[in-house]
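Q: Could you walk me through this model, one feature at a time? I would like the general idea and then the case at hand.

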Amino acid sequence: MLRATAMLVSLAGYGISPQSPPIVVHQDQVSAASPATRAEERLDAMSTADRDRVQATLAAAGRDERPYVVEVVAAGHSAAEVASFARLISGKRPRWLQTHLDLLDPDGSGWVAYRSSPVQQPDDTSCGPMTILMARAISDPFYSLYLTTGDTTDRADAGAEQFQARLTAEEHRIHAETNRFWPQSLGSTPLGMSNELNRYAAALGTRYQARPADGSTLSDAAEAAGNGQPVPVLIGDWIPRHYILLIGRAGGDLIYYEPGYATVGHISEQDFVQGKIDVIGFHRIFAVVRPH
């Protein structure tokens, strides 16, 4: 009964069942503009008063702070939010900025943690929501600042325990949104993932679409990741089991974040495009949730 119900839900368009890939329509990929370009577009769309306020905020920001402020403008935050973010990070040293605003190094590898607290899925069914959380954190420093500090200047709020509490609460919120039409115990469907990602299209600089894994889709996903656009990928064995997040490219490898063990690793781009993968014992790619 469960298998039959899952298949009916899949065919109804709610996502994939444990037995089959999602049924979706192909659309051409659209590359996201750089944060600087998107920031300029945001400024052009603002009122004169808001534009003047943001420009003054950017002018007052320190050299190390300014790139983060630009990213916050690009993410679609209001002039007041941009000013608040700039105030919270004002005068901070590069190491502080990196610790609190960069939850992972897209050019690195190894363990992903904040103050020794792993940026890790809290249970076996939340890999999808955690990749969404990380995709948003990569694209929006203000969101990362909320996770690490609670948007306050109180050092007590920036501890590892407080970070973990906010991380878990946010994962639970995202999981509830991705699984409105699908049991949380079965994980998140690619369609639910794309719908949730599209709520943050302004911050991510693009909209997303769930696609079954084929040569064209995997090539598009690799190209998007190489352009700095995070891409959730559904992998497994004989059924879909786990999400990872493509976050960049290094030489001939794609870089990915794996939420189960809170690690960043590398996989061959050529192998990935050919549908070959070997991540925590999973060897099959079922679907990607890619920019379009």
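A: Gladly. Of the 292 residues of the chain, 49% count as buried, where buried means under 20% relative accessible area, exposed over 50%, and partly exposed in between (1.4 Å probe, protein chains only). This is a predicted model, in which local features need pLDDT of at least 70, side-chain atom pairs count only at pLDDT 80 or more, and totals for chains, interfaces and linings use all residues. Residues are numbered from 1 along each chain as its sequence is written, and side-chain values use heavy atoms, with hydrogens and water left out.

Q: How many helices and strands does the chain have?
A: The secondary structure comes to 13 helices and nine strands. Helices (H or I, at least four residues) and strands (E, at least two) are DSSP runs, numbered from the N terminus. As for contacts (heavy atoms within 4.5 Å), residues 24 or more positions apart account for 64% of those in the chain with a separation of 6 or more.

Q: Let's turn to the sheet. In what order do its seven strands come?
A: Strands of a sheet pair through backbone hydrogen bonds, either parallel or antiparallel. Here the open sheet has the order β1-β8-β7-β6-β5-β9-β4, with antiparallel pairing; two strands pair if DSSP finds at least two bridges between them. At the edges stand β1 (110-111) and β4 (208-212), each with a single partner strand, so one side of each has no neighbour in the sheet.

Q: Which residue of β8 stands opposite Asp253?
A: That is Ser268. Strands β7 (residues 253-258) and β8 (residues 263-268) pair in the antiparallel sense over six bridges.

Q: Which helices pack on the sheet?
A: Helix α7 (residues 127-139) does, touching β5 (231-236), β6 (240-250) and β7, and its direction makes about 20° with that of β6. Helix α10 (residues 190-197) packs on the sheet too, touching β4, β5, β6 and β9 (284-291), and its direction makes about 165° with that of β4. Axes are lines fitted to C-alpha atoms, for helices over the stretch in contact, and angles run from 0 to 180 degrees between N-to-C directions.

Q: What should I look at when two helices pack?
A: Two packed helices are described by the angle between their axes and the distance between the axes. Take helix α2 (residues 35-45) and helix α4 (residues 66-74), which pack at an angle of about 55° with their axes 7 Å apart. That makes α2 oblique to α4; angles under 35 degrees count as roughly parallel, over 145 as roughly antiparallel, 65 to 115 as roughly perpendicular and the rest as oblique. The contact joins Pro35, Ala36, Arg38, Ala39, Arg42 and Leu43 of α2 to Val70, Glu71, Val73 and Ala74 of α4.

Q: And how do the axes of α3 and α5 cross?
A: The axes of helix α3 (residues 48-60) and α5 come within 9 Å and cross at roughly 15°. That makes α3 roughly parallel to α5. On the α3 side the contact is made by Asp50, Arg53, Val54 and Thr57, and on the α5 side by Ala79, Ala80, Val82, Ala83 and Ala86.

Q: Why is α8 described as largely enclosed?
A: Because eight of its nine residues are buried. Those buried in α8 are Pro141, Phe142, Tyr143, Ser144, Leu145, Leu147, Thr148 and Thr149. They pack against α4, α5 (79-89), α6 (94-101), β2 (113-114), α7 and α9.

Q: What is found in the loop between α8 (141-149) and α9 (160-178)?
A: Asp151 lies there, with a phi near 60°, a positive value in a residue other than glycine. Asp151 counts as partly exposed at 29% relative accessibility. Gly150 is found in that loop as well, and is partly exposed at 23%. Leaving aside neighbours within four places in sequence, Gly150 is in contact with Leu145 and Arg166.

Q: Where is Ile280?
A: Ile280 sits in the loop between α13 (269-273) and β9. Its phi is near 40°, again positive in a residue other than glycine, and Ile280 is partly exposed, with a relative accessible area of 41%.
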